[in-house]
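Please open the model in your viewer and keep the selection tool at hand. The tour below moves from one selection to the next and says what is to be found at each stop.

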Amino acid sequence: MGLGTILLVQLYWMHGSSLIYKISPSKLTYLSTNDQSQGGISTSKLTIDGEQATLECELAKSPSYSWPYCGISINLGTSDHQGVNLEKFHTIRMNIDFEQLDSDADPSLRFYLRNYNEAYSTKDNEYTQKYNGVEFKPGTGQGVIEIPIANLQVMTWWLADNNISIDHSAPEYTNTTKFELATGSGHHDGRYRMVINSIEFVGHYISGEKLMLGLLVFWVSLALIYSIVEIRRSHQLILQAHFRQDHLKKLNRSLKEQNVHFAELANRDALTGAMNRHSIREWLDVNFEKEANTAKLLSVLYLDIDHFKHVNDEYGHGMGDDILREFTMVVLSALSPSERLVRWGGEEFVVFCPGVPLSDATELAERIRHKVEAHIWVHGDALTTSIGVASLGNERTNEMLTRADEALYLAKRKGRNRVTVSE
């Protein structure tokens, strides 16, 4: 049986990753997109030549829309709400050339997998379909680029705009309706060309985890059968079983005593101890939405740990978790009792400052930035943070958060380890 297991694992490594799903113009519908539906004036033209698709577009600002874009949308399913399940796939291979024709700049490209789920999506509003995405620079003549699907993240502006609960804030690919490519953030006037040579998803017919779980269940079952036989023949094993039962009873009593403590943690992030998004949303709804009170001051600091992915890659996710907890303590040391620290997702945090004007919030952001830069971290390397700052105006709180997120993005574009204010 051991030899059979080794043979099965060998066959899996040789053939188990051969599941391929090609996204080609001959099989699926490619559509050009631009900002005209939002009041913009950008233009785009899509040309299909065999298995190659070419998009040529010109971006231009208009008085009614200041964020011009163009791109390609590919319908994967039979309708806008009936897509395909991509959970078996782990990698996206793309051979795309993307360039700005009237500039030497190396433009970036946004890539989204849109997912429909009735828990948060509605059939008559395409914007409610989840944006699982990443931004990258394909360049020209670079050949095939492989992007692990695990690197995709749900866009924070989509989560805020749609008021998504924490249990639906993670990436999801069970009902993927669209594959979308669009010009990257910050690209404005100019002529662009995007050439799609090939797109394909790579996956497993059966995932390695399921295979290992099946083998584990098989061997555990054999072990249990053997144990049952031995228990019948050995009084000593029966006594040991009674001992384990007594131990479990004691453990259950201990767990019951901790139920109250766990209830108190319902509004806390399990990893860092910071508040979670669910608890802060209730607080915002009561105190700062328009129908509640428009006269109260509220400022936010949107923080992101710079190059945090490098920490995980270099030291492992266990060290990454330790740094997230340490980052929480460093930030909390700079806050007053009335200010709230919320883990927004991944390495992103938001500080809510009730009654604090924009100028004071900016000073607080600078103090936090200096504290993070000067702190001696557990892994021995330096860390920095980029911060976007915004104050509540004549708007909803999610719109203020979106502005703070955009200010954070601008801080990263300017070189990171800086504070950027959304006026």
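In which helix do D313 and K309 lie, and how many residues apart are they? Both belong to helix α7, which covers residues 308-315, and they stand 4 residues apart, about one turn of the helix. Bear in mind throughout that this is a predicted model. With both side chains displayed, you can see the salt bridge between D313 and K309, in which the closest N and O atoms are 2.8 Å apart. Both partners count as exposed because their relative accessible areas, 55% for D313 and 51% for K309, are over the 50% cut-off.

Next, select helix α8, residues 317-332, where R325 and D322 lie 3 residues apart, again about one turn of the helix. Their side chains meet in a salt bridge with an N to O distance of 2.6 Å. R325 is partly exposed at 33% relative accessible area, and D322 is likewise partly exposed at 34%.

For a salt bridge in another setting, select E395 and R403, whose side chains meet at 2.5 Å, N to O. Here both partners are buried, since E395 has a relative accessibility of 11% and R403 has 18%, and the cut-off for buried is under 20%. The structure as a whole holds 18 salt bridges.

Now turn to strand β8, residues 130-136, and pick out N132. N132 is buried, with a relative accessibility of 0%, and a polar atom of its side chain lies 3.0 Å from the backbone oxygen of E172.

The last two stops are on the surface. Select K137, R413, K414 and R418 together, and you will have a patch of positive charge. Within this group, R413 lies in helix α10, which covers residues 397-413, and R413 is exposed at 51% relative accessible area.

Finally, which residues make the nonpolar surface patch of about 450 Å²? Select L213, L216, V217, V220 and L224 to display it. One of these residues, L224, lies in helix α3, residues 208-233, and L224 counts as exposed, with a relative accessibility of 51%.

Methods:
Residues are numbered from 1 along each chain as its sequence is written. This is a predicted model: local features need pLDDT of at least 70, side-chain atom pairs count only at pLDDT 80 or more; totals for chains, interfaces and linings use all residues. Side-chain values use heavy atoms; hydrogens and water are left out. Patches are made of residues with over 30% relative accessible area and no salt bridge: like charges are joined within 9 Å, nonpolar side chains (Val, Leu, Ile, Met, Phe, Trp, Tyr) within 5 Å. Accessible areas come from the Shrake-Rupley method with a 1.4 Å probe; for residues, only the protein chains shown count as cover. A salt bridge is a side-chain nitrogen of Lys or Arg within 4 Å of a carboxyl oxygen of Asp or Glu. Lys and Arg count as positive and Asp and Glu as negative; His and the chain ends are not counted. The place of a charge is taken as NZ of Lys, CZ of Arg, CG of Asp or CD of Glu. Helices (H or I, at least four residues) and strands (E, at least two) are DSSP runs, numbered from the N terminus. Buried means under 20% relative accessible area, exposed over 50%, partly exposed in between (1.4 Å probe, protein chains only). A polar contact is a pair of N or O atoms within 3.5 Å; within protein, one must be able to donate a hydrogen and the other to accept it, and residues adjacent in sequence count only if both atoms are side-chain atoms.
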